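I opened my notebook to look up the salt bridges in this structure.

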Amino acid sequence: RTSGISGKLRLDITPYLRFPLEKFSDPQVERMGMCFGTQSGKTTFLECAIGYIIDHDPGPTMFLRPTNSEAQDFSRDRMIPFILDCPSLARHVVGRYEDDLKPTEYRFDRMTLRYAWSQSEVSVRGHPIRYLIIIR
């Protein structure tokens, strides 16, 4: 639903994503900084990275966007369809998806993912996190 290319991830179209995706799952890597051009695979990388966290290395995660509107739009239009359409991720939604996948907070069987925005101090404090993903 979120891409013009459906099905299993194929990196033959975006081979430059292979290295950052491999490094994201490397336990020795603690911090990554990336710079992407427009429409060059950033969302694909983010979806795969968050999918990896949910399915393979769960831990409290915060996804920081510049504004509340951008956070909710990305959540609703990109991540929720991605999670529900991917069987290996959908199996971690324990209740009704309407209850567990709210626009700014996802509750899974082994972790929570929260959306926050840099314009709100309240949205970024008071939550333990293992992974912090920042989009500027």
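I started with D73, which forms a salt bridge with R76, their closest N and O atoms being 2.9 Å apart. I took a salt bridge to be a side-chain nitrogen of Lys or Arg within 4 Å of a carboxyl oxygen of Asp or Glu. The model is predicted, so I noted the limits: local features need pLDDT of at least 70, side-chain atom pairs count only at pLDDT 80 or more, and totals for chains, interfaces and linings use all residues. Residues are numbered from 1 along each chain as its sequence is written, and side-chain values use heavy atoms, with hydrogens and water left out.

Why can D73 and R76 pair up? They sit three residues apart in helix 3 (residues 68-85), about one helical turn. Helices here are DSSP runs (H or I, at least four residues), numbered from the N terminus.

Next I checked exposure. Buried means under 20% relative accessible area, exposed over 50%, and partly exposed in between (1.4 Å probe, protein chains only). D73 is partly exposed at 32%. R76 is partly exposed too, at 46%.

I then looked up E70. Its salt bridge goes to R65, with 3.7 Å between the closest N and O atoms. E70 is partly exposed at 32%, whereas R65 is buried at 13%.

R107 came next. It bridges to E105 at 3.2 Å between the closest N and O atoms. R107 is partly exposed at 39%, but E105 is buried at 18%. I also found a network: salt bridges with shared partners join D73, R76 and D77.

Last, I noted the count: 11 salt bridges.

Note on methods. Helix = DSSP H or I, 4+ residues; strand = E, 2+ residues; numbered from the N terminus.
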